[in-house]
Amino acid sequence: MTRLGTAWSKLRWSLAQRGLAGTMRIALERLQRQDSAVGAEKPPLHPFDQRYGVDTSGLIGGGDLRTGHKNDVFNTAYYGMAPSRFRRVVEDWISDSSHAAISQYSFVDLGCGKGRAMMMASEFSFRQVIGVELNASLAKTAESNLAAWTGAGRAVCPVRILHQDATEFSFPEGPCLLYLFNPFAAPVVERLIERLETEFAGRPGLLDVIYFNPEAGELLEAHVGFRLLWTGTVEMSEEDTAADHVASPEDLCSVYRWVGGVG
Ligand SMILES: C[S@@+](CC[C@H](N)C(=O)[O-])C[C@H]1O[C@@H](n2cnc3c(N)ncnc32)[C@H](O)[C@@H]1O
């Protein structure tokens, strides 16, 4: 793609994601950052990567993750979930006795990026862990991260990665825990909900959704088939607070249960 083509597609993505005012604000912030970043050093790796010898650090804007798919324009960004937040919420979900045993649940990360959340999920005894990623290069990195992770004996359940669009994914049978770290904007969430209505039509109570930074959470809240179980902020460890320059203490997480019904 030419430089002009790339710039145009980034602009289109930004307008779809942030609107005109948001696009202008981000452009201004970038210019200010470029000024103050002259001579600045590359940000250090997250301790998760240092500890486990994997590559999950970094922030990549959605405009830099184009694949040619029609949903590219709704891709928010790549960024790995703060481990302390992930583990807190998943441990709380596991300790809730209102759902079937974790060993019956498939954990599905739609928008798995480099696989950080999948690696952490595989430390729990889910039936299986599945990651779905639209961007081929991120999916490849996730593959090699997971190979190192399972090779070191850290996964206690089967793990697999699919390179495809989230709205084309077929959910496995049985109970599922769907995990979303704000991977895509509302139009894709809408299409995903339509798919869930069909796939889980005969499975009321057998789909829970953990949705971090739930920017399109109102779509689930307005839907008759979903019940909001919990919403709130999730504390980060000191290590994550020091390492994570994107997350903020105000970030929300919401947990929903599919109870059945078409919105
Ligand atoms: C914020 S990152 C989350 C990474 C990972 N889930 C985690 O928690 O560490 C969101 C990811 O969703 C992916 N994504 C965005 N739109 C997608 C789509 N339509 N289908 C599949 N993946 C998508 C992006 O490429 C990006 O890697």
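Guide: A pocket is defined on a 1 Å grid over the protein atoms alone, as an open set of points where a 1.4 Å probe fits, with protein on both sides within 12 Å along at least five of seven lines; lining residues have an atom within 4 Å of a point. The model is predicted: local features need pLDDT of at least 70, side-chain atom pairs count only at pLDDT 80 or more, and totals for chains, interfaces and linings use all residues. Residues are numbered from 1 along each chain as its sequence is written, and side-chain values use heavy atoms, with hydrogens and water left out.

The lining of the second largest pocket consists of Arg88, Val89, Asp92, Trp93, Asp96, Leu229, Trp230, Thr233, Val234 and Val255. Six of these residues are nonpolar, one is polar and three are charged. In this count Ala, Val, Leu, Ile, Met, Phe, Trp, Tyr, Cys and Pro are nonpolar, Asp, Glu, Lys and Arg are charged, and the others, Gly among them, are polar.

Two elements, α3 (83-95) and β8 (226-233), each give at least two residues to this lining. The largest share, four residues, comes from α3. Helices (H or I, at least four residues) and strands (E, at least two) are DSSP runs, numbered from the N terminus.

The space in the second largest pocket is about 230 Å³. Such a volume is the space filled by probe spheres set on the grid points, which are joined across faces, edges and corners.
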